Amino acid sequence: MNEAMETILFEVEDGVATLTLNRPERLNSFNDRMHDELRQALARVRAGRADGSVRVLVLTGAGRGFCAGQDLSDRNVAPGGEAVDLGASVEKNYKPLVLALRALELPVIAAVNGVAAGAGANIALACDLVFAARSASFIQAFSKLGLIPDTGGTWILPRLLGPARALGLALLGERLSAEQAEQWGLIWKTVDDAALMSTVGAVARQLAQGPTFGYAQTKKAIWESSLRGLEAQLDVERDLMSACGRSEDYREGVAAFMDKRAPQFKGR
């Protein structure tokens, strides 16, 4: 399946859905049309997860940038004009997008091919695995406009980096190189520009052939762990382990191990 819309590209091959932000002339910045098409694409991913045709999602950008955040031409405020309710935009678009990515019961990989700024940076960081081209960078650009990091930034940054680095990035709005982001533990891996998509593609295909039911439970347990104390998290591990033990993937994994063969996981 290969489908193109106005602001994104969406294709599925070998269980891997690739969603490409496709406004390269605007560094793939978000507008209302893109948000609407993202919602449609993520609905297709959920449907594909249900019928087994989609087992991994890759999110990337067209052209020389990943995503420059919000398209400010959609939010231009004329002198003396009525103020724009930015909170309404967060409630309608960015909050649901972050929650939708986190709720997907499959691995979500960001392939950051260039600058990821503002909401674009935090959408990438909301994914489960983040690979970045060596020339890529991350910028919490909100402070340049007198804003706070939205799209989950105030939740994600201090949990990944601690408050000192989170505040430094948020208040100063400095460009963070991909290599520094990897050293700080903000992303998974930096690769050479020319190898980005082939590297991500290989990892995505590996995951697509794996026990995706267990991946979904792992994702749930780790992302939600900061909301609980140790005892409560141990209870969650118990419950999710019970669910995994009843899965077809577990039965197949044990059988394949005993038979000394490669497992054939189905994600159930």
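This is a predicted model: local features need pLDDT of at least 70, side-chain atom pairs count only at pLDDT 80 or more; totals for chains, interfaces and linings use all residues.
**Exercise 1: A covered strand**

Task: Are the residues of strand 4 mostly covered or mostly open, and which residues lie on each of its faces?

Solution: 
- Step 1. Locate strand 4 at residues 56-61. Six of its six residues are buried, so the strand is mostly covered.
- Step 2. Sort the residues by side. V56, V58 and T60 lie on one side, while L57, L59 and G61 lie on the other. Residues on both sides are buried, and both faces of strand 4 are covered.

**Exercise 2: The neighbours of strand 4**

Task: Which strands pair with strand 4 through six bridges and through four bridges?

Solution: 
- Step 1. Start with strand 3, residues 16-21, which runs parallel to strand 4 and is joined to it by six bridges. To find one of these in the structure, look at L19, whose bridge partner in strand 4 is L59.
- Step 2. From strand 3 it passes through helix 1 (residues 32-51) to strand 4, a right-handed β-α-β crossover.
- Step 3. Move to strand 6, residues 108-112. Strand 6 also pairs with strand 4 in the parallel sense, over four bridges. Here L57 has V108 of strand 6 as its bridge partner.

**Exercise 3: Salt bridges**

Task: How many salt bridges does a search of the whole structure find, and how exposed are the residues in the pair D71 and R26?

Solution: 
- Step 1. The search finds 15 salt bridges in the whole structure.
- Step 2. Take the pair D71 and R26, whose side chains meet with an N to O distance of 2.8 Å. This pair links distant parts of the chain, 45 residues apart: D71 sits in the loop between strand 5 (65-67) and helix 2 (86-103), and R26 in the loop between strand 3 and helix 1.
- Step 3. Compare each residue with the cut-offs: under 20% is buried, over 50% is exposed, and values in between are partly exposed. D71 has 2% relative accessibility, so it counts as buried. R26 has 39%, so it counts as partly exposed.
- Step 4. Look now at R261, which forms a salt bridge with E252, the closest N and O atoms being 2.6 Å apart. R261 also meets D259 in a salt bridge, at 3.4 Å from N to O.
- Step 5. Classify these residues too. R261 is partly exposed because its relative accessible area is 36%. E252, at 18%, counts as buried, whereas D259, at 52%, counts as exposed.
- Step 6. For one more salt bridge, find D128 and K219, whose side chains meet at 3.1 Å from N to O.

**Exercise 4: Positive phi**

Task: Where are N28 and K260 found, and is each one buried or exposed?

Solution: 
- Step 1. Check the backbone angles. N28 has a positive phi near 55° and is a residue other than glycine. K260, not a glycine either, has a positive phi of about 55°.
- Step 2. N28 is in the loop between strand 3 and helix 1; K260 is in the segment after helix 10 (248-259).
- Step 3. Apply the cut-offs. N28 is buried because its relative accessible area is 0%. K260 counts as exposed because its relative accessibility is 77%.

Note on methods:
Residues are numbered from 1 along each chain as its sequence is written. Side-chain values use heavy atoms; hydrogens and water are left out. Buried means under 20% relative accessible area, exposed over 50%, partly exposed in between (1.4 Å probe, protein chains only). Helices (H or I, at least four residues) and strands (E, at least two) are DSSP runs, numbered from the N terminus. Two strands pair if DSSP finds at least two bridges between them. A crossover is right-handed if, with the strands pointing away from the viewer, the path from the first strand over the helix to the second runs clockwise. A salt bridge is a side-chain nitrogen of Lys or Arg within 4 Å of a carboxyl oxygen of Asp or Glu.
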